[in-house]
Amino acid sequence: MNDPRPEADARTRRTNHVVALLGMALVWILLWGTFSWANLLGGLAVAAFILVALPLPPVVFGGRLRPVALARFVAIFVRDLVVASVQVTWLAVRVGHTPHSAILAVRLRVDTDLNLTLTAEALSLVPGSLIVEVDRAAGVLYIHVLDIHDRAEAERFRLDVLALEARIVAAVGSPAEVARIRTERSGP
Amino acid sequence: MSAIDAAASVFLIAGATFSLAAGIALTRFPDVLSRMHAATKPQVLGMLLVLLGCALRFRSTVDITTLVLIGIFQLTTAPVAAHMVGRAAYRSGVYRADLLVADELADRRADR
């Protein structure tokens, strides 16, 4: 019923292409800085060329945007970004302290490409965590974590990652994925 | 000096401070993997603050759209760059294993 990686059918692929086309045209217009019909047509032409010449594997987006959950994700993300930046700054100027770290494997509960990518991006942007390796088939992220000194800190970080994943799924995931997070929250 | 200009200078100085910290961390952290944190991270916040400061200073649509684009491209590409360098460093063994409390990636490789 809820196959984690359903094949994109023709209709969703077409929708994806239209979204990509309009998105790239928008970037083109922003690059020029002013809106004109010539810019719009030029942007569409460039976007169409890119889509034809450099095709990418289809991304399955089965979810929908939930504005409240998205705002919550962004707010907590900004807070994490600021807190972690200050921590890394402090770590850099602190004298006589060598930061230890750890490489942790975290298995995400929703192993779609989109969720893996979004979680990895959000993690990478926050200081202190870096994606070293991704096991796409198993849905596992291998994360290098800065300033970890014992097992307890490592386990706390693992829970943080799962909480981040839950916020992302709550913001953009499909109802089936949200349900999966909810049922597995108490699980492994 | 208006309040907006004052806010712009605060953002610019804060952004520059974070970028400076990234530079310091780059020289002080012990190995490639830790340095990647410094190279990509305080710099992300620093860069966003500098862009915000510039936007408050310029206040014209053309400039602001360009600044927004710079921000978006930085946020999407910095993690990819960090991942590629980190992955290459790990695979070629250029990291201080003695500083790792746990290495679950090595555990996985040992299982095979």
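A salt bridge here is a side-chain nitrogen of Lys or Arg within 4 Å of a carboxyl oxygen of Asp or Glu. The views below come from a predicted model.

**View 1. Salt bridges across the interface of chain B and chain A.** By this rule, 2 salt bridges cross from chain B to chain A. One pairing has B:Arg91 and A:Glu133 joined through their side chains, at 3.1 Å from N to O. Polar contacts between chain B and chain A, with both residues at pLDDT 80 or more, come to 7 residue pairs.

**View 2. The side of chain B that touches chain A.** Several elements of chain B give two or more residues to this side: helix 1 (3–28), helix 2 (32–40), helix 3 (42–58), helix 4 (61–91), strand 1 (100–103) and helix 5 (104–111). Helix 4 of chain B contributes the most, with 15 residues. Sorted by class, this side of chain B holds 25 nonpolar, 7 polar and 9 charged residues.

**View 3. Extent of the contact between chain B and chain A.** In this view, 45 residues of chain A are in contact with 41 residues of chain B. The size of an interface is often given as the accessible area lost when the parts come together. For chain B and chain A, the buried area is about 3,600 Å². Carbon and sulfur atoms account for 68% of that area.

**View 4. Strand pairing between the chains.** A:Ile103 has B:Asp103 as its bridge partner in strand 1 of chain B.

**View 5. A salt bridge within chain A.** Over all chains, the structure holds 11 salt bridges. One of them links A:Asp80 and A:Arg167, whose closest N and O atoms are 3.9 Å apart; this value falls under the rule's cut-off of within 4 Å.

View 6. Chain A has 6 helices and 3 strands, in the order α-α-α-β-α-β-β-α-α along the sequence. The C-alpha trace of chain A spans about 60 × 45 × 30 Å along its principal axes. Chain A is divided into domain 1 (5–53) and domain 2 (67–186). Between the C-alpha centres of domain 1 and domain 2 of chain A the distance is 31 Å.

Methods. Residues numbered from 1 in each chain as written. Chains lettered and ligands numbered in written order. Predicted model: local features only at pLDDT ≥ 70, side-chain atom pairs only at ≥ 80, totals over all residues. Heavy atoms only, no water. Contact = heavy atoms within 4.5 Å. Buried area = accessible area lost by both parts, 1.4 Å probe. Polar contact = N/O pair within 3.5 Å; in protein donor to acceptor, adjacent residues only side chain to side chain. Helix = DSSP H or I, 4+ residues; strand = E, 2+ residues; numbered from the N terminus. Nonpolar A, V, L, I, M, F, W, Y, C, P; charged D, E, K, R; others polar. Pairing = 2+ DSSP bridges. Domains from an automatic or database assignment.
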